[in-house]
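Hi there,

Here is the structure I promised to pass on to you. Have a look through it first, and then read my notes below.

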Amino acid sequence: MKLPLTWLALLLATIVLLPACSSVRTSTESDRDLFLEADKNKDGQLTLAEVNAMGLPRVFNHFDKNRDGTVTMEEARAVDPDFEEHHFSERDLNRDGKVSFEEYIQVAKKRGGLKKHFAVVDANSDGAINQAEANAYVEKLEAETTANVTE
Ligand SMILES: [Ca+2]
Ligand SMILES: [Ca+2]
Ligand SMILES: [Ca+2]
């Protein structure tokens, strides 16, 4: 299975990040804190709900460059030049040319949010990401980042 190295993968990595993994650090928070912060019920594992609660606002904020609470097509393209128009229009529910946070969350929830990425990290498919799985994922991602850095 090919793991697409996208901004979303990188962003998800900020949730499950190792302290050593500096290349994908996008936040000033320490990486260990991110895992603990995402682990709302403090059982040492991340469920999809926990990852979504932590990750979806981060994905949105990553796109909302000017921090006005909405994402325009321009902002989406600034993050990902290949961002396809239909991805935008299917989220702009009220067709005002902007995707608000509420619109984004509404559509994301319907689709299981970060389900696909979650499944990639949840190596043993037990529905929870533990620290070992998180570490393995970040190591893999880091290796691919290094390999793809010139692309
Ligand atoms: Ca948990
Ligand atoms: Ca914006
Ligand atoms: Ca809208």
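Let's begin on the inside: the largest nonpolar core has 14 residues, and A38, V51, V121, A134 and Y137 are the ones with the most contacts inside it. A nonpolar core here is a set of buried Ala, Val, Leu, Ile, Met, Phe, Trp, Tyr and Cys residues joined through C-beta atoms within 7 Å. Two or more residues of this core come from each of α2, α3 (48-63), α7 (115-121) and α8 (131-148), and α8 gives the most, with 4 residues. Another core lies apart from it and has 6 residues, including V59, F63, V71 and Y104. As background, nonpolar side chains tend to be buried together in soluble globular proteins.

A word on what you are looking at. This is a predicted model, in which local features need pLDDT of at least 70 and side-chain atom pairs count only at pLDDT 80 or more, while totals for chains, interfaces and linings use all residues. Residues are numbered from 1 along each chain as its sequence is written, and chains are lettered from A and ligands numbered from 1 in the order in which they are written.

Now the overall layout. The chain has 8 helices and 4 strands, and along the sequence they follow the pattern α-α-β-α-β-α-α-β-α-α-β-α. Helices (H or I, at least four residues) and strands (E, at least two) are DSSP runs, numbered from the N terminus. Of the 151 residues in the chain, 26% are buried. Buried means that 20 or more other C-beta atoms lie within 10 Å of a residue's own, exposed means 12 or fewer, and partly exposed is in between, with C-beta atoms placed from the backbone.

UniProt, in an unreviewed entry, places the feature "domain: EF-hand" at residues 51-86 and 88-114; such annotations may be inferred rather than shown by experiment, and the positions use the numbering here, with feature names shortened. Residues 51-86 are 61% helix and 8% strand, with end C-alpha atoms 25 Å apart. For residues 88-114 the figures are 44% helix and 11% strand, and the end C-alpha atoms lie 17 Å apart.

Finally, which residue in the loop between α2 (31-38) and β1 (45-46) is worth a look? K42 lies there, and its phi is positive, about 55°, although K42 is not a glycine. K42 is exposed, with 7 other C-beta atoms within 10 Å. R95, in the loop between α5 (85-89) and β3 (98-100), also has a positive phi, near 55°, and is not a glycine. R95 is exposed, with 7 other C-beta atoms within 10 Å.

Happy exploring!
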